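Subject: Structure for your study

Dear colleague,

Please find the structure below, together with its sequence. I would be grateful if you read my notes with the structure open beside them.

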Number of protein chains: 2
Amino acid sequence: MQERETEIVPSVSERLARFVIEARIDDVPERVLHEAKRSLLNFFGCAIAGSHDAAIEHAAAVLSCFAGVPTATIIGRPQRTDALSAAFLNAASANVFDFDDTHIPTVIHPTAPIAPPLLALAELRRLTGRDLLLAFVLGVEVACRLGNALSPGHYRRGWHITSTCGVFGAAAASGKILGLASRQMTWAFGCASAQSSGLVETLGTMAKSVGVGNAARNGLLSALLAQHGMTGPEQPIEGPRGFARVAGEEANLFAIVDGLGERWELLANTYKPYPCGVVLNPVIDGCLELRARHALSADRIARVVVCGHPLLAERTDRPDVHTGREAQVSAQHSVAVTLLYGTAGLHEFSDSAACNPAVAALRSRVVITRDSAVPVGSARVSVELNDGTSCATKVDQARGSLERPLTDDEIEAKVRLLAEYGLPGTDVEQLISAVWSIDQRQDVGEIVRLAAPAAQTGGNK
Amino acid sequence: MQERETEIVPSVSERLARFVIEARIDDVPERVLHEAKRSLLNFFGCAIAGSHDAAIEHAAAVLSCFAGVPTATIIGRPQRTDALSAAFLNAASANVFDFDDTHIPTVIHPTAPIAPPLLALAELRRLTGRDLLLAFVLGVEVACRLGNALSPGHYRRGWHITSTCGVFGAAAASGKILGLASRQMTWAFGCASAQSSGLVETLGTMAKSVGVGNAARNGLLSALLAQHGMTGPEQPIEGPRGFARVAGEEANLFAIVDGLGERWELLANTYKPYPCGVVLNPVIDGCLELRARHALSADRIARVVVCGHPLLAERTDRPDVHTGREAQVSAQHSVAVTLLYGTAGLHEFSDSAACNPAVAALRSRVVITRDSAVPVGSARVSVELNDGTSCATKVDQARGSLERPLTDDEIEAKVRLLAEYGLPGTDVEQLISAVWSIDQRQDVGEIVRLAAPAAQTGGNK
């Protein structure tokens with residue numbers, strides 16, 4: 001449906017609110033619901049793995065001093081806490097390694113801010129899997145459509161779009177569960193607009209997690225406040241001093257409401273196969289392929305040459321790294337660990353892997369070259385062996401890209417590894433099968449409890 | 001001390017952090033400390049008066065469902081709550097009527113976001129009045145210096161500067177009390193930068209209070225997180241994607257650190273005599289003067305003519321109002337209630353005053369005229385009586401302006417009225433004398449408890 005922007009602009013918030021409150025699960029294509037399950041499964045794995053990162057330890061310690069009735073599961077951790085604090089911590093855990101999902105057009109990580117408020121609500125009030133799925137799909141729709149409207153200027157200016165747009169998605173999803181009326185949903189957007197924050201400058205530090213955690217917590221809070229009558233502006237998004245105008249650079253308001261209910265943003269969601277910069281995916285794919293095909297071992301390798309679009313070198317030509325965070329954006333490190341260990345998971349991008357002498361030795365034999373003819377997202381990898389022979393491969397589309405998405409099995413495998421990393425020895429199969437069958441579950445609370453140690457304590461601290 | 005901006009810019013966050021942690025109360029001029037007491041006293045009055053506004057009722061109801069150990073006083077209310085929730089509610093209460101203080105160069109309301117975290121900390125750990133005064137002065141310094149650097153572009157773009165800069169001030173003040181090291185203080189700024197939010201679009205709605213409440217709560221949270229080791233970027237303010245660059249329009253970073261410890265922003269703080277748009281102050285002053293001098297009564301008045309700078313008419317020529325919020329920006333309403341009742345307080349700007357037929361009748365006989373020769377901040381008021389006579393006055397500088405600040409006695413009188421409005425029948429004299437002598441008090445917690453009903457309950461809900 002084509003409408004002129006002038007007819008759309010004055011009522012963007014209202015139209016978005018009405019769409020959310022009126023949507024029924026039967027309106028959502030099966031393919032979208034299945035993508036929602038994939039997103040949730042990937043989310044649980046990431047949150048379990050991240051749940052003992054130092055940033056989460058610090059946040060949990062501080063929040064526990066002020067937390068209320070412990071109704072909610074903290075994923076991966078033995079304590080329970082109140083719903084708002086759980087939303088914060090679970091969102092922060094899911095995103096702390098940047099191993100969570102990515103909405104390609106906006107680089108929003110949508111599930112981290114949007115699923116946790118719903119899981120917290122599911123333990124406050126009985127919530128069916130179908131209701132959760134619908135609310136989740138709608139929350140992603142709201143966050144990513146705002147992101148589309150503000151991209152690319154918003155992120156480029158320095159706004160951490162996952163947080164700034166995520167809080168609106170969290171509010172929409174929570175408000176759907178709470179059964180808000182249209183007017184209340186607009187108020188919820190208004191309360192979210194007063195809490196939208198997050199800066200790119202914080203990426204690479206623990207403060208990033210504060211922004212992402214707040215997006216989830218404050219989205220839930222916005223919906224609860226609106227339900228209680230907390231009013232907001234009529235045009236929190238499109239108003240002259242509303243979110244899109246103030247935080248956007250030439251926002252395309254039309255993109256927010258165009259084709260609502262016809263196109264679904266979740267279909268542009270992707271899942272990372274490796275916990276590092278996304279441009280490194282084809283490089284790691286190539287290394288895995290060569291290692292398997294030629295039974296490569298590090299001591300036979302004289303030199304590795306990686307060739308990619310100049311962007312690859314620009315972002316990842318980093319021969320010398322000392323921390324896991326640096327390793328995540330180093331092509332040399334990615335090549336070295338992949339060829340050494342035949343896998344590229346969280347352990348391979350840890351501080352200790354970064355400092356491992358064997359990794360450092362192989363890293364020093366990796367060279368990154370530039371070729372504008374290689375498309376972004378592709379890479380060539382050549383390995384020269386000590387015996388004078390060599391082998392090479394070319395990866396056109398990396399695993400985890402929109403063109404070559406992770407299969408359901410691959411997501412499952414990723415989640416098993418992540419669960420083993422965060423909760424060693426845990427049996428994650430129940431959780432995996434519960435998420436695949438979430439649309440048949442009567443009580444989502446049972447599912448989220450599968451993502452925490454069996455014997456959760458009821459109190460804080 | 002004049003330094004070139006190029007030398008300053010790379011280390012703004014670090015210099016600000018170091019200033020805050022190194023400052024001692026003996027470095028702060030007596031005049032500044034006295035202004036801090038005036039700000040705090042005005043704050044308590046505003047917070048008591050606002051504490052039962054609908055926005056606060058809604059927020060308190062929602063937060064109580066998730067609140068933790070009730071260590072902290074909610075000003076004006078019978079319940080206690082956890083420190084973070086108390087910081088939120090007390091900040092929101094103080095600012096809900098926009099009757100709190102105004103830092104003239106930035107229009108920041110500084111005390112609302114900055115005092116509440118300190119009061120909450122004072123009930124978590126014993127805190128002397130001197131320590132609180134120093135931390136408060138420093139918090140205001142940080143918030144207002146950021147505001148100076150970003151003004152006027154930041155507010156003009158649509159950022160609610162009280163909230164966006166207030167969270168940094170709250171973090172600085174809280175961090176001072178917690179004894180953060182310089183590096184931790186920079187982290188606290190980093191955590192604050194991830195939480196800086198608030199939109200002008202929300203003004204006039206309850207959602208405004210969400211932004212202001214969060215500034216206080218999240219500033220406190222930032223300091224607590226930093227104390228626990230939550231890292232942040234090294235340049236959260238001046239970095240390429242830091243607060244000043246992202247939320248600022250051509251930010252003047254030099255203004256943040258120039259003359260630190262030599263000039264004090266608190267000396268540019270002012271207190272409103274009337275709970276309405278600040279441009280109406282000289283109009284109300286004139287009406288009060290004429291009413292007293294000529295014993296005017298409404299039935300004798302044929303017409304009132306107000307003449308001011310065109311800005312006055314632009315913002316306040318509003319003959320027809322139906323709510324208290326509209327009344328606050330109506331010159332006609334302000335004139336009518338002042339001449340009718342001889343006072344212009346919260347009751348006179350309530351919904352019921354807006355709908356009062358006697359007020360409406362007099363409003364209809366008020367005319368606003370424009371004269372570019374009248375300076376902004378001044379006004380002429382002429383009253384024509386039914387007997388054909390008339391009287392007039394000219395107010396050059398309004399009460400409550402920087403040039404004609406409220407006296408200590410006038411602030412006391414304002415606080416008595418506000419306390420009577422928020423907690424009718426309460427004895428506020430103890431609170432007033434406690435604030436004036438706060439620098440001699442060993443336990444600030446005792447003072448904040450004087451601002452709540454005597455029999456506070458220990459629990460939530």
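A polar contact is a pair of N or O atoms within 3.5 Å; within protein, one of the two must be able to donate a hydrogen and the other to accept it, and residues adjacent in sequence count only if both atoms are side-chain atoms. By that rule, 28 residue pairs are in polar contact across the interface of chain B and chain A, both residues of each pair being at pLDDT 80 or more. Please keep in mind that this is a predicted model.

Which elements form the side of chain B that touches chain A? Those that give two or more residues are helix H4 (54–64), helix H5 (83–95), helix H8 (153–157), helix H10 (182–193), helix H11 (207–228) and helix H12 (243–247) of chain B. The largest share, 11 residues, comes from H11(B). By residue type, this side of chain B divides into 28 nonpolar, 23 polar and eight charged residues.

The extent of the interface can be stated in two ways. In terms of residues, 59 of chain B are in contact with 59 of chain A. In terms of area, the size of an interface is often given as the accessible area lost when the parts come together. Here chain B and chain A bury about 4,800 Å² between them, and 66% of it is on carbon and sulfur atoms.

The rule for salt bridges finds two across the interface of chain B and chain A. B:Arg157 forms a salt bridge with A:Glu249, and their closest N and O atoms are 2.8 Å apart.

Next, how are the two chains related? In general, two copies of a chain are related by a rotation about an axis and a shift along it.

Taken along the principal axes, the C-alpha atoms of chain A fill a box of roughly 75 × 55 × 35 Å. A compact globule of 461 residues would have a radius of gyration near 23 Å, and the 22 Å of chain A agrees with this.

Over all chains, the count of salt bridges comes to 48. One of them joins A:Glu123 to A:Arg80, with the closest N and O atoms 3.4 Å apart. A:Glu123 lies in helix H6 (residues 111–124) of chain A and A:Arg80 in strand E2 (residues 80–81) of chain A, so this pair ties together parts that are 43 residues apart in sequence.

Finally, some details of the backbone deserve a look. The peptide bond from A:Ser151 to A:Pro152 is cis, with omega near 0°, and A:Pro152 lies in the loop between helix H7 (129–150) and helix H8 (153–157) of chain A. In chain B, the peptide bond from B:Ser151 to B:Pro152 is cis, also with omega near 0°, and B:Pro152 lies in the loop between helix H7 (129–150) and H8 of chain B. B:Asp98 has a phi near 55°, a positive value in a residue other than glycine. B:Asp98 is found in the loop between H5 and strand E3 (102–103) of chain B.

Yours sincerely

Conventions. Residues numbered from 1 in each chain as written. Chains lettered and ligands numbered in written order. Predicted model: local features only at pLDDT ≥ 70, side-chain atom pairs only at ≥ 80, totals over all residues. Heavy atoms only, no water. Contact = heavy atoms within 4.5 Å. Buried area = accessible area lost by both parts, 1.4 Å probe. Salt bridge = Lys/Arg side-chain N within 4 Å of Asp/Glu carboxyl O. Helix = DSSP H or I, 4+ residues; strand = E, 2+ residues; numbered from the N terminus. Nonpolar A, V, L, I, M, F, W, Y, C, P; charged D, E, K, R; others polar. Rg over C-alpha atoms; globule rule 2.2 N^0.38 Å.
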